[in-house]
Amino acid sequence: MGRLLKYLRLDKFPTVWCAGCGVGIVMGCIIRVVDKLKVNPDKVVIVSGIGCSGRMPGYLDFNTLHTTHGRALVFATGLKLAKPSLEIIVVMGDGDALAIGGNHLIHAARRNVNLTSIIINNWIYGMTGGQYSPATPRGAFATTAPYGNLEPPFEVPELVRGSGASYVARGTVYHTRQLDRLIERGMRKEGFGLVEVLSPCPVGFGRRNQMKSAIAMMRWQKDRAVSLKRASKMNEEELKDKIITGVLFEREAPEYTQEYERLMSRVKTRKEIGKREIQTGLGEIHEE
Amino acid sequence: MEKPALISGNEAVAYGALAAGVRFFAGYPITPSSEIAETLSELLPRMGGKFVQMEDELASMGAIVGASLAGVNSMTATSGPGFSLMQENIGFAFMTEVPCVIVNVQRGGPSTGLPTKPSQGDVMQTRWGTHGGCNTIALCPWSVRETFDLTIDCVNLANRYRLPVVLLLDEVIAHMREKVVLPSFGGVKKVQRKKPTCLPQEYLPYEITEDDIPPMADFGEGYRYHVTGLTHDPTGFPTSNAKEIDQLVRRLYGKIERYRDEITRIEEEYLADAQILVFAYGSVSRSAISAVKEARARGIKAGLLRPVSIWPFPDKHISRLADQLKAIIVAEMNLGQMIGEVRRASCERVKILGVTRVDGELITPDEILTAIQEVS
Amino acid sequence: MKNKETLIEKMHWLTFGPISIYEPWCKGCGICVEFCPKDVLILGEDGKLVVRDVHSCTECGLCEIRCPDFAIVIEE
């Protein structure tokens, strides 16, 4: 029954998430891609921060790390550098990745470490009860924006692209098959890859914003999402209020762990013994 | 090998780390600790290790915990302002029992304070800095050579007890150059982490073991387990069961208490017949020993107690000495942090006098000598 | 994790043709019902997923991949 069940920690189910929460859909995408790419589960690491998305690693039977708020990418950077053979997927929420973790996000992208990161963007802080986040649309209501949100949201793909990532994509949980492909391509890509996923939070966001159910929110995704290909044939007026999805940006750029490995072999083979080796006998360890 | 070298305390940290098997360093530039990062950025890649300069200290601390989970001995170095930022993930390392070493080269404070001058203002932050009530191990050297040795000890203690361990320097020790003869690195004792021997499906990452230290598997070697900063049960998964939480938190805190005698280290000079004890640590103990010798020359029975392990605090030693002494002088470059511990451990059965400075200048032997004469 | 095979065996999946449902995990969000192209599924009185018309099922699998709770499997 269900060849994907083997990737789940079955005794932890059902999940903690509210009915209709999109985090579980993204989790399904991840295990389908891991299965398709035949990655050894012993080598897979799922790293998360804090929030609803932060609880995902607990349900997945890989090496799983539930870190502090906003810091998932820095733990992942340490893991990847220390053991490049690991296949690391970083799962973050919008408040997690863009507010408290915003600095880490841009620097992880700039450093271009081979990580696949996913921002599950539900436009709200769900776990803490529906406060507005840096992704909440202007004018939307939240428990800390009772008169409507005054702040504009981040344009996430532009932010991450401008920071230097190798791969930037956007999808929705409604367009699940496309999302599988976007995550797969991110995992195949050498370098920092980011997939922004629009995901419903009917309880924290929808209720206060005329979308009472996950169904209504997914309908919104269905109506608003336009693939990059289709968008290229649409004019500005037609694209108003639309969300462009698909592979938004891709480039070849030096990947940090590989660059570092190259650096290591370059400086290891240096013939001359440096001052420090003479001072301390480090040459001796060097010989080991 | 075993040739004399003229190196600074910060270089000694870097060499000690390499000798102890540290192969991952993540850090953020900050005076007066930057030479540690600079030295390791040069040497780590030559020795098969990784160095990365992160975007801030929050990131540095997170990265070393990540690297340590991959099975690599990891370290970061900083000074007070950065140490404040690291507290969050130091707590995470404590909660998740991930071994790592944090070097804090103390500078003047509060806030940005005095970047290029020494201080000992972070002693209490080291003990109580992170929220939720952690316990800690911190070592505090007084010479360049001891800095090398204690760096190795910090790595070993972290691996032995599965903890973040702090090496607490001050700016003087970090930037002072001394002639040292370093030991053969090959002969340095390295404590390996206790590894699981069971089958992966039987592995309990936070098992309640007889020694209170659960075996630790590396990510990627087949033991797929969960690590979380939430209160967790022996399987590693979140729990809100009162009994399991109690068991976890008491074990985390208690494993230092349980091994307190094994960890606690002091050095003493002229203590056997001493009536006046000077309690000093780090660079201040260098002035203190001069003052003690001068006092002896003047016929005053003074002695020095220097805590090598500043945390856990040497309660037993102070308590034992309290009845034999006439007075204790606590000299420190803050407005009285360790003095409170001395009062507590001695139950104030003895007169206690503080000698303090917070102006970025060293406490001189004369200042301590004056205090010794005052109480003698 | 211990005895995963045993756990899988212990799960009582309700099977209707190609559709299998694991009721204990269904939270009744209705996503599968709403977006099924053939109206195969409905929510029952208890708010949980019920197969209404198994013969219309084209095995497209959309319900399985959109279920946030892993409560539906379409047998390949």
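Two packed helices are described by the angle between their axes and the distance between the axes. The axes here are lines fitted to C-alpha atoms over the stretch in contact, and the angle is taken between N-to-C directions on a scale from 0 to 180 degrees. In this predicted model, α2(A) and α4(A) pack at an angle of about 35 degrees, and their axes are 8 Å apart. On the α2(A) side the contact is made by L73(A), V74(A) and T77(A), and on the α4(A) side by H104(A), L105(A) and A108(A). An α-helix has 3.6 residues a turn, so residues three or four places apart point the same way. By class, the contact of these two helices has four nonpolar and two polar residues, with no charged ones.

Both helices also take part in the interface between chains A and B. There, 43 residues of chain A are in contact with 44 residues of chain B. On the chain A side, the elements that give two or more residues are β2 (63–66), α2 (72–82), α4 (102–111), α10 (256–268), α11 (275–280) and α12 (282–287). The largest share of this side comes from α2(A), with eight residues. Sorted by class, the chain A residues that touch chain B comprise 18 nonpolar, 16 polar and nine charged.

Strand pairing also crosses from chain A to chain B. β2(A) is joined by three bridges to β10 of chain B (residues 226–228), and the two strands run parallel. Within this pairing, L65(A) stands opposite V227(B) of β10(B).

Chain A itself is divided into domain 1 (5–253) and domain 2 (254–288). The centres of these two domains, taken over C-alpha atoms, are separated by 39 Å. Ten residues of domain 1 of chain A are in contact with five residues of domain 2 of chain A. The side contributed by domain 1 of chain A holds four nonpolar, three polar and three charged residues.

For chain B, the domain assignment gives domain 1 (4–187), domain 2 (200–261) and domain 3 (269–375). Between the centres of domain 1 and domain 3 of chain B, again over C-alpha atoms, there are 26 Å. Their contact takes 21 residues from domain 1 of chain B and 19 residues from domain 3 of chain B. On the domain 1 side, two or more residues come from each of β6 (114–118), α5 (123–128), β7 (137–139), β8 (164–170) and α7 (171–175) of chain B. Of these elements, α5(B) gives the most, with four residues. This side of domain 1 of chain B divides into twelve nonpolar, six polar and three charged residues.

Helix α8 of chain B covers residues 242–258.

Chain C contains an open sheet of three strands in the order β1-β2-β5, with antiparallel pairing. β1 (14–16) and β5 (72–74) of chain C stand at the edges with a single partner strand each, so one side of each is left without a neighbour in the sheet. Neighbouring strands of this sheet are turned by 20 degrees against each other on average, direction ignored. Three bridges join β1(C) to β2 of chain C (residues 19–21), and these strands run antiparallel. In that pairing, T15(C) has S20(C) of β2(C) as its bridge partner.

Conventions. Residues numbered from 1 in each chain as written. Chains lettered and ligands numbered in written order. Predicted model: local features only at pLDDT ≥ 70, side-chain atom pairs only at ≥ 80, totals over all residues. Contact = placed C-beta atoms within 7 Å. Nonpolar A, V, L, I, M, F, W, Y, C, P; charged D, E, K, R; others polar. Pairing = 2+ DSSP bridges. Expected span 1.5 Å × (residues − 1). Domains from an automatic or database assignment.
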